[in-house]
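Here's a quick briefing to read with the model open beside you. Have a look at the fold, then work through the points below.

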Amino acid sequence: MIRIALQSKGRLNEESLELLAEVGIDIERGKRRLLARAELFPIEALYLRDDDIPHAVERGVADLGIVGLNEYEERRCGATVVHKLGFGRCRLSLAIPKGEEYEGIGYFNGKRIATSYPVILRKFLEEKNIKAEIEEIAGSVEIAPAVGMAEAIFDIVSSGGTLVSNGLKEVETAMHSEAVLIATPRLEPEKQALLNQLLFRIEAVERTRGKKYILMNIPTERLAEATGILPGIKSPTILPLAERGWSSLHAVVDERVLWEKIEQLKAIGAEDILVLTPEKMIL
Ligand code: PRT
Ligand code: ZN
């Protein structure tokens, strides 16, 4: 049995549970329980505030955890990042009132900066050789300049909408963040095996992101051209059709070039083209 710490509510909760569901791990949702067992996989979820997840994993209260990289970096804990998960993307940036003139990082010398991420901010300022005062506040950082608590803020930005609606502009980005899977430093062999199984499944799901599975009928004499258009994971799958002179061709295609490929394939005689979304891809 392995235990994973998940955010009990908030931005990462839903997508963490979705990712687990995609890898065949359904954990009871909704019910506000601290601990919940999964079906069909020896894992249990421990629901915590995201602030508490890094230390819970460091101390082995949970073996694994899903948390924002920003939270992990801020807590400077001994847990290790084992995998980046690609959701919960955001950045940690410095922002100032929009009317202020900004000519470079030197602007922050002697300024007061409000943030909930003092550790990351301090490191960033030291690297840039800036001497500023850090005002640590737990929340509502974006209102600090308006109420005279600070001249600037250092906070999470995603769309940038919150900054705009508070009359602020983003001027420097210190780090990019996304949800990460973290693990306790010394996992017992039995738990390490479960983690490996979990990673194997996560990678199978990730491989399909941005990919489409395409099937079509094509005159056999045009197959060589078609396979040139569709370089698959290995080579495309080709099956003979009952109708003579025709074949069925299957391949995995990057979604970004899907329409372009379809047009090229139609031009060489492909018919009955079917596009599907793959769910898992195991190599
Ligand atoms: O209750 P608990 O302590 O568990 O949750 P929390 O309130 O501390 O965190 P939560 O749920 O808000 O965020 C969890 C994690 O999601 C963060 O640590 C980030 O890793 C990630 N994340 C991704 C974000 C955002 N995007 C985000 N936009 N976290 C916060 N925001 C906030 C930001 O603070 C700002 O107020 O959204 C606002 C900015 O959004 P835009 O789109 O207007 O720029
Ligand atoms: Zn939090």
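Where is asparagine 166 found? Asparagine 166 sits in the loop between helix H5 (161-165) and E11; helices (H or I, at least four residues) and strands (E, at least two) are DSSP runs, numbered from the N terminus. Keep in mind that this is a predicted model, where local features need pLDDT of at least 70, side-chain atom pairs count only at pLDDT 80 or more, and totals for chains, interfaces and linings use all residues. Residues are numbered from 1 along each chain as its sequence is written, chains are lettered from A and ligands numbered from 1 in the order in which they are written, and side-chain values use heavy atoms, with hydrogens and water left out.

**Around asparagine 166**

- Asparagine 166 counts as partly exposed at 29% relative accessibility (buried means under 20% relative accessible area, exposed over 50%, partly exposed in between, with a 1.4 Å probe and protein chains only).
- Leaving out residues up to four places away in sequence, asparagine 166 touches Glu142 and Ile143, where contact means heavy atoms within 4.5 Å.
- Its side chain reaches the backbone oxygen of threonine 162 at 2.8 Å.
- Asparagine 166 and alanine 95 are 71 residues apart in sequence, yet 11 Å apart in space, C-alpha to C-alpha.

**The four-stranded sheet**

- Four strands make an open, antiparallel sheet in the order E14-E15-E13-E16; two strands pair if DSSP finds at least two bridges between them.
- Strand E14 (237-240) and strand E16 (271-276) are the edges, each pairing on one side only.
- On average, neighbouring strands of this sheet are turned by 15 degrees against each other, direction ignored (axes are lines fitted to C-alpha atoms, for helices over the stretch in contact, and angles run from 0 to 180 degrees between N-to-C directions).
- Strand E13 (residues 211-219) pairs with E16 over four antiparallel bridges, and isoleucine 214 has valine 275 in E16 as its bridge partner.
- Helix H8 (residues 258-267) packs on the sheet and touches E13, strand E15 (246-254) and E16, with a direction about 5 degrees from that of E13.

- Lysine 212 lies in strand E13 and counts as buried because its relative accessibility is 15%.
- Its side chain joins that of threonine 277 in a polar contact of 2.8 Å (a pair of N or O atoms within 3.5 Å; within protein, one must be able to donate a hydrogen and the other to accept it, and residues adjacent in sequence count only if both atoms are side-chain atoms).
- Not counting residues up to four places away in sequence, lysine 212 touches residues including Val252, Leu258 and Pro278.

**A buried glutamate in a loop**

- Glutamate 178 is in the loop between strand E11 (168-177) and strand E12 (179-183), and its relative accessible area of 12% makes it buried.
- The side chains of glutamate 178 and arginine 89 make a polar contact (3.4 Å).

**Positive phi**

- Most residues other than glycine have a negative phi.
- Arginine 76, in the loop between helix H3 (69-75) and strand E6 (80-84), has a positive phi near 45 degrees.
- Aspartate 272, in strand E16, has a positive phi near 50 degrees and counts as exposed at 57% relative accessibility.
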